[in-house]
Amino acid sequence: MNTQPFLSSNQSISFEIFPPKKWESFPNLYETLDSLKQLNPAFISCTYGANGSNSKKTAEIVSYIQNQLQIEGIAHLTCAALTKESFLSTIKTFQEMGIHSVLALRGDKPQDMTEEAFASRTYQHPSELIPELKAAGFTVAAACYPEKHYEAASMEEDLHYLKHKVEQGADFLISQLFFDNDIFYRFLDETDKAGIRVPIEAGIMPITSAKMIGNTINLSGASIPKKMTDLLAKYQDNPEDLRKAGIEYAADQIRDLQAHSVSGIHIYTMNNAKTAQDILGLL
C-alpha cells in the first residue's frame, strides 16, 4: 500500500475542481481554491480537457494548489489524444511547475478526432501511462467505477483492468460518483476479492439542482436510488430547498462512509466552495 503522506490514513476529505472555459473566470476559481484551502483537504485534483485544450490551464491551476496553497495538487491527464511526444512534453511541464501527482485517465474521444484516429490512438488505456509517470517520480492515481465502466462487458472484466492499473503502479484509486453507498460497499468487497490492495477514495457528487441529475447520469452512468428520486420529486419546484436537501443527502452519504471506515472522501465540488463548506459544516 502506498505511503505517500497526503494519502488518506484517517478518512481525509479531498476535492475536485475544473478549469474555467473562459480566462476571465480564473480569478473566481482562485478565490474558490483559497476558500477550499480553509477546509484542510488532503489534496485537490483538477480535470483535463478531453482533447488536451485545457492541459496548460490544468498545469497552472495545480501548480497554484501545490506551490502557493501548499496543498497536494493532482493533475488529471487523459490519454485519448496523447502522442508519445505530447505525453513526454506534458510530463516535463508538470515537473517544471512543481507538480508531484497525476490522475491517469483515458478520457473521451475529442470531437475533432475521427473514429479511425481514436481507434488507432497511441495510448489505448491509462494503464499504459502509469509506468512512465512512476519512472518520472510522480505519485499516480487511477479511476475506478463502483457500477463498472460503461464500456466494460461485466464487473469481472472491469476489475481485471482495474487490477492491471494497480499492477502497473497506481498508488491509489478515486471512484466515479455514486448515490447508493451499498453499491460502493459491494464494490469494495469485489476489489478485495480481486486482490486490489490500494486505498480507494469514495467519489461524492452533491446534487444541488434538478438539472444536475440529467447531466450527472449521462456523464457517469450512476444509478439513482428511490431515496434520491423522492427527494427530487418533493423539492422540484423549490430550488433552495432542493439545494439544501442535496447537501444533506451528500453529508449523510459521507457520515455512513466514514462509519464504514472508507479510505477517504473525494467531493466533486463543481467549482463551488460554498457547497463543500456546507457539507463539511453538517459533518
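**Exercise 1. Determine how helix 9 and helix 10 are oriented relative to each other.**

The model is a predicted one, in which local features need pLDDT of at least 70, side-chain atom pairs count only at pLDDT 80 or more, and totals for chains, interfaces and linings use all residues. Residues are numbered from 1 along each chain as its sequence is written, and side-chain values use heavy atoms, with hydrogens and water left out.

Step 1: the axes of helix 9 (residues 226–235) and helix 10 come within 9 Å and cross at roughly 160 degrees, where axes are lines fitted to C-alpha atoms over the stretch in contact and angles run from 0 to 180 degrees between N-to-C directions.

Step 2: on the helix 9 side, the contact (heavy atoms within 4.5 Å) is made by Lys 227, Met 228, Leu 231, Leu 232 and Tyr 235, while helix 10 contributes Pro 239, Asp 241, Leu 242, Ala 245, Tyr 249 and Asp 252.

**Exercise 2. Describe the extent, the ends and the buried residues of helix 7.**

Step 1: helix 7 covers residues 181–193, and its 13 residues reach 19 Å from the first C-alpha to the last, close to the 18 Å expected at 1.5 Å a residue, the expected span being 1.5 Å times one less than the number of residues.

Step 2: Asn 181, Ile 183, Phe 184, Tyr 185, Phe 187 and Thr 191 are the buried residues of helix 7, buried meaning under 20% relative accessible area with a 1.4 Å probe and protein chains only. Their cover includes strand 5 (139–144), helix 6 (155–168), strand 6 (172–175), strand 7 (200–204) and helix 10 (239–259).

**Exercise 3. Work out how helix 6 packs against helix 7.**

Step 1: the axes of helix 6 and helix 7 lie 10 Å apart, and the two pack at an angle of about 60 degrees, so helix 6 and helix 7 are oblique to each other.

Step 2: Met 155, Leu 159 and Leu 162 of helix 6 make the contact with Phe 187, Glu 190 and Thr 191 of helix 7.

**Exercise 4. Is Thr 32 buried or exposed?**

Step 1: Thr 32 belongs to helix 1 (residues 26–37), and because its relative accessibility is 11%, Thr 32 counts as buried.

Step 2: leaving aside residues up to four places away in sequence, Thr 32 touches Asn 271, Asn 272 and Ala 273.

Conventions. Helices (H or I, at least four residues) and strands (E, at least two) are DSSP runs, numbered from the N terminus. Buried means under 20% relative accessible area, exposed over 50%, partly exposed in between (1.4 Å probe, protein chains only). Angles under 35 degrees count as roughly parallel, over 145 as roughly antiparallel, 65 to 115 as roughly perpendicular and the rest as oblique.
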